[in-house]
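Please look over the model shown here before reading on.

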Amino acid sequence: MTEKFIPITDIRHQTAPLPTAGLQQTVTGQLLDSLQRPLRDLRISVTDRCNFRCVYCMPKEIFDQNYRYLPHADLLSFEEITRLARIFVAHGVKKIRLTGGEPLLRKNIEQLISMLSGLRTQDGSPIDLSLTTNGSLLAKKAVSLKNAGLGRVTVSLDAISDEIFKRMNDVDYSVDQVLAGIAAAEAAGLGPVKVNMVVKAGINDSQIVPMAEYFKHSAHILRFIEYMDVGASNGWRMGEVVTADQILQRLQQAGMQLTALDANYAGETAKRWKHQQHAGEIGIISSVTQAFCGDCSRIRLSTEGQLYTCLFATRGYDLRPLLRAATVSSDQELANGIAGVWQQRDDRYSELRSSGLSTPTSADKKIEMSYIGG
């Protein structure tokens, strides 16, 4: 397989000053950004390491044995993560997703899940707590994750063909091992399991219909994701994107009878369809060709405490100085800093790119997906 890769510049420490929240003194649970979008979803990356080398995320040519991962001392502790998560929930967050890298590589991840599962929204409701994984450790950990308080899992699986899947993950990991993890998650009650397939033209797009055929009889939710220009290491080109319309067309041409479903909630990333004659559900995430920035309610916390207001961000806001100051900062100071970041947020990268109002250039050093998750 011939691929083009662009060397990356390490921008993990490229930060902006942490703003304050102006006159805001009271945490109300109704925090709006500059485009009036509420804060509802928090993605927490717990590690920048992964045991896969997927060609669209952590290609071997970049993430080799010499790549410098973050030292353990730089990582937020479980106590620090939980403290910040509690403040985010007070600001209105209702959903928390643990990501990576591969989050199940973080030692004692069940302890963090147990700590986060005790959080409650202002009306006393439990947090929707989920985790995204490549599935490699899921068969071993599904029961302990559920017992710790995890609600759901999303599993990445880019092909049902073993040959193509191994080409995608580039570490000779088999489809059967991931399917065993999905089965274990379902048996443990971590469902409905979402199965994510990133579609890259000429690499795994032949798997669109076979994946849909395989999962149409199950209770799992299969989601196709347009190949995105996240980071710089994957050498993204628009010609490698199989669009949402093309994905849907291929499914329909294969004879699949699909009925469109309403969104579950405002800001849902996937457009949804149900098989008319089978149990399965299909989603398509079209962040390249049909941007959904207008309803985006997501903020991302990196492994080392950087806040990112967009998946395509070029800089973060460092919370660690407040967390680890010699004079311990109050929760109010942290809450004000987080509010200040969100209130000035005006990100709509995909929308501007899709409309032609803004064109990405090689100078745009976007943060890598493996650092802040998807």
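What follows runs from the whole chain to single side chains.

This is a predicted model, in which local features need pLDDT of at least 70, side-chain atom pairs count only at pLDDT 80 or more, and totals for chains, interfaces and linings use all residues. Residues are numbered from 1 along each chain as its sequence is written, and side-chain values use heavy atoms, with hydrogens and water left out.

**Overall make-up**

The protein holds 11 helices and 13 strands. Both are DSSP runs numbered from the N terminus: helices are H or I with at least four residues, strands are E with at least two. Of its 374 residues, 56% count as buried. Buried means under 20% relative accessible area, exposed means over 50%, and partly exposed lies in between (1.4 Å probe, protein chains only). Contact means heavy atoms within 4.5 Å. Among contacts between residues at least 6 apart in sequence, 74% join residues at least 24 apart.

**The α2/α3 pair**

Helix α2 spans residues 109-117 and helix α3 spans residues 138-148. Their axes lie 8 Å apart, at an angle of about 25 degrees. Axes are lines fitted to C-alpha atoms, for helices over the stretch in contact, and angles run from 0 to 180 degrees between N-to-C directions. The two helices are therefore roughly parallel; that term covers angles under 35 degrees, against over 145 for roughly antiparallel, 65 to 115 for roughly perpendicular and oblique for the rest.

From α2, the contact involves I109, E110, I113, S114 and S117; from α3, K141, S144, L145 and A148. These residues divide into 4 nonpolar, 3 polar and 2 charged. Here Ala, Val, Leu, Ile, Met, Phe, Trp, Tyr, Cys and Pro count as nonpolar, Asp, Glu, Lys and Arg as charged, and the others, Gly among them, as polar.

**Aromatic pairs**

Rings of Phe, Tyr and Trp (its six-membered ring) pair if their centres lie within 6.5 Å; planes under 30 degrees apart are stacked, over 60 edge-to-face and the rest tilted. The count is 5 aromatic pairs. Y67 and Y69 make an edge-to-face pair, because their planes stand at 75 degrees. Y214 and F215 also form an edge-to-face pair.

| Pair | Centre to centre | Angle of planes |
|---|---|---|
| Y67 and Y69 | 4.9 Å | 75 degrees |
| Y214 and F215 | 4.9 Å | 75 degrees |

Y67 is partly exposed at 22% relative accessibility, whereas Y69 is buried at 17%. Y214 is partly exposed at 43%, and F215 is buried at 4%. Elsewhere, ring pairs join F52, F165 and Y173 into a cluster.
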